[in-house]
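Keep the 3D view open as you read.

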Amino acid sequence: MKKVLLVNGSPHKNGNTAEALRILEKELNDKGVDTVRFQLDGRPVRGCIACGRCTATHRCAFADDQCNELIEKLLETDAVIIGTPVYFAGPNGALCALLDRAFYAAANFGQLLAGKPAAAIATCWRAGATPSIDRINKYFTFSQMPVVSSDYWNGYLGAKDVFGTNVLKTLAENTVKMLEAL
């Protein structure tokens with residue numbers, strides 16, 4: 001059975017990003033795809049310092065946060081969908097620091113993630129969804145991961161966002177199609 005990693009880039013376990021990921025999870029599970037969750041836990045996250053120690057291990061030298069746990073989950077799943085809240089016109093800063101290190105270690109020195117389908121979603125009230133999605137998509141394109149699209153930008157405004165819910169459902173459907181094609 002194929003597995004999709006759902007990353008909640010919000011420290012809030014029950015916020016809008018978690019809600020959007022639950023919609024995706026239900027759709028993926030209904031289509032026979034298993035899901036694995038990764039929750040940003042709210043602890044401080046270091047930024048990459050380009051020490052280069054990951055060149056041999058494909059793991060970050062800093063072991064005091066969730067970076068290496070994220071790398072393991074990325075490696076053991078067949079696809080990934082990363083969700084971020086938008087706090088100030090872009091993705092969550094802690095999430096970006098974690099992704100910088102995880103993708104630098106796993107992709108920069110060996111392209112360990114190449115070929116895995118990936119998608120980004122952003123939750124926000126007004127602005128910042130598309131720049132957030134663009135930023136996260138850059139991790140995927142650098143890592144030679146095909147980006148899964150929907151029928152609109154993958155933004156979600158919350159429980160009353162019927163349009164956003166349908167966009168997420170289409171994203172789940174397209175993720176399944178890409179997994180089947182690969």
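## Salt bridges

There are nine salt bridges in the structure, each being a Lys or Arg side-chain nitrogen within 4 Å of a carboxyl oxygen of Asp or Glu. Before going further, note that this is a predicted model, where local features need pLDDT of at least 70, side-chain atom pairs count only at pLDDT 80 or more, and totals for chains, interfaces and linings use all residues. Residues are numbered from 1 along each chain as its sequence is written, and side-chain values use heavy atoms, with hydrogens and water left out.

One of these bridges joins Arg37 to Glu25, with 3.1 Å between the closest N and O atoms. That pair links distant parts of the chain: Arg37 sits in strand β2 (residues 34–39) and Glu25 in helix α1 (residues 16–30), 12 residues apart. Helices here are DSSP runs (H or I, at least four residues), as are strands (E, at least two), numbered from the N terminus. Arg37 is partly exposed at 33% relative accessible area; on this scale buried means under 20%, exposed over 50%, and partly exposed in between, using a 1.4 Å probe and protein chains only.

Asp30 and Lys26 also pair up, at 2.7 Å from N to O. Both belong to helix α1, four residues apart, or about one turn of the helix. Asp30 is exposed at 54%, while Lys26 is partly exposed at 48%.

Then there's Glu72 with Arg59, at 2.4 Å from N to O. Glu72 is in helix α3 (residues 67–76) and Arg59 in the loop between α2 (54–57) and α3, so this pair ties together parts 13 residues apart in sequence. Glu72 is partly exposed at 34%, and Arg59 is partly exposed too, at 23%.

## Nonpolar cores

The largest nonpolar core has 34 residues, and Leu70, Val80, Ile82, Phe103 and Phe140 touch the most other members. A core here is a set of buried Ala, Val, Leu, Ile, Met, Phe, Trp, Tyr and Cys residues joined through side-chain atoms within 4.5 Å. Elements giving two or more residues to it are β1 (3–8), β2, α3, β3 (79–85), α4 (93–107), β4 (118–123) and α5 (129–142). Helix α4 provides the largest share, eight residues. Setting aside residues up to four places away in sequence, Phe103 touches Leu74, Ile82, Asn108, Leu113, Tyr139, Phe140, Ser143 and Met145, a contact being heavy atoms within 4.5 Å.

A second, separate core has 19 residues, including Val4, Leu28, Ile81 and Val148. Val4 lies in strand β1 and is buried at 0% relative accessibility. Beyond its neighbours within four places in sequence, Val4 is in contact with residues that include Leu28, Val33, Val36, Ile81 and Leu179.

## Cavity and pocket

Which residues line the largest cavity? They are Cys48, Ile49, Ala50, Cys51, Gly52, Cys54, Cys60, Ala61, Phe62, Arg101 and Tyr104. On a 1 Å grid over the protein atoms alone, a cavity is a set of points where a 1.4 Å probe fits but cannot get out, a pocket is an open set with protein on both sides within 12 Å along at least five of seven lines, and lining residues have an atom within 4 Å of a point. The search of the whole structure turns up one cavity of 30 Å³ or more, and the largest cavity holds about 90 Å³ of space. Volume means the space filled by probe spheres set on the points, with grid points joined across faces, edges and corners.

The largest pocket comes in at about 150 Å³. Its lining includes Cys124, Arg126, Tyr152, Trp153, Asp161 and Phe163. Two or more lining residues come from each of α5, β5 (155–156) and α6 (162–181).

## Positive phi

Most residues other than glycine have a negative phi. Ala50, though not a glycine, has a positive phi of about 55°; Ala50 is in the loop between β2 and α2 and is exposed at 53%. His58 also has a positive phi, near 60°. His58 sits in the loop between α2 and α3, and is buried at 17%.
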